[in-house]
Amino acid sequence: MSDSNTTHEAPSYDDVNTPVIVLVGAISALVTLLTIMFVQGLCYHWQNSFLIRKASGVEAMPSVVQIEKQKEELVKAPVPISLAMEEVVSKYGK
């Protein structure tokens, strides 16, 4: 027979450990903030190094170099078509 007048306390494993949850939440928020700051700083560093290299002219893409050469050739005096044809035949002809 059971007593219906007795109250049973909930087992301790059902209790939520609030201080641990708060501590884990605070640590995870701090780690997230530090990660965001690190990635942002890394991106700024990459961007600055890219802009410095681009400004100094150290890094020139081959396509840009080729386009500049072609622009220089276009600025020169125009060559008559007959002369251009002879140049092409002498260069690539068999």
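The protein exposes about 9300 Å² (Shrake-Rupley method, 1.4 Å probe; for residues, only the protein chains shown count as cover). Carbon and sulfur atoms supply 66% of that area. This is a predicted model: local features need pLDDT of at least 70, side-chain atom pairs count only at pLDDT 80 or more, and totals for chains, interfaces and linings use all residues. Residues are numbered from 1 along each chain as its sequence is written, and side-chain values use heavy atoms, with hydrogens and water left out.

**Exercise 1.** State how confident the predictor is.

*Solution.* Take pLDDT, the predictor's confidence in each residue, from 0 to 100. The protein averages 85, and 89% of the residues score at least 70.

**Exercise 2.** List the elements in order.

*Solution.* Along the sequence they read α-α-α.

**Exercise 3.** Check the length of helix α3 (residues 81-92).

*Solution.* The expected span is 1.5 Å times one less than the number of residues. For the 12 residues of α3, that gives 16 Å. The end C-alpha atoms are 16 Å apart, so the two values agree.

**Exercise 4.** Classify M37 as buried, partly exposed or exposed.

*Solution.* Buried means under 20% relative accessible area, exposed over 50%, partly exposed in between (1.4 Å probe, protein chains only). M37 has 49%, so M37 is partly exposed. M37 lies in helix α1 (residues 18-56).

Note on methods
Helix = DSSP H or I, 4+ residues; strand = E, 2+ residues; numbered from the N terminus.
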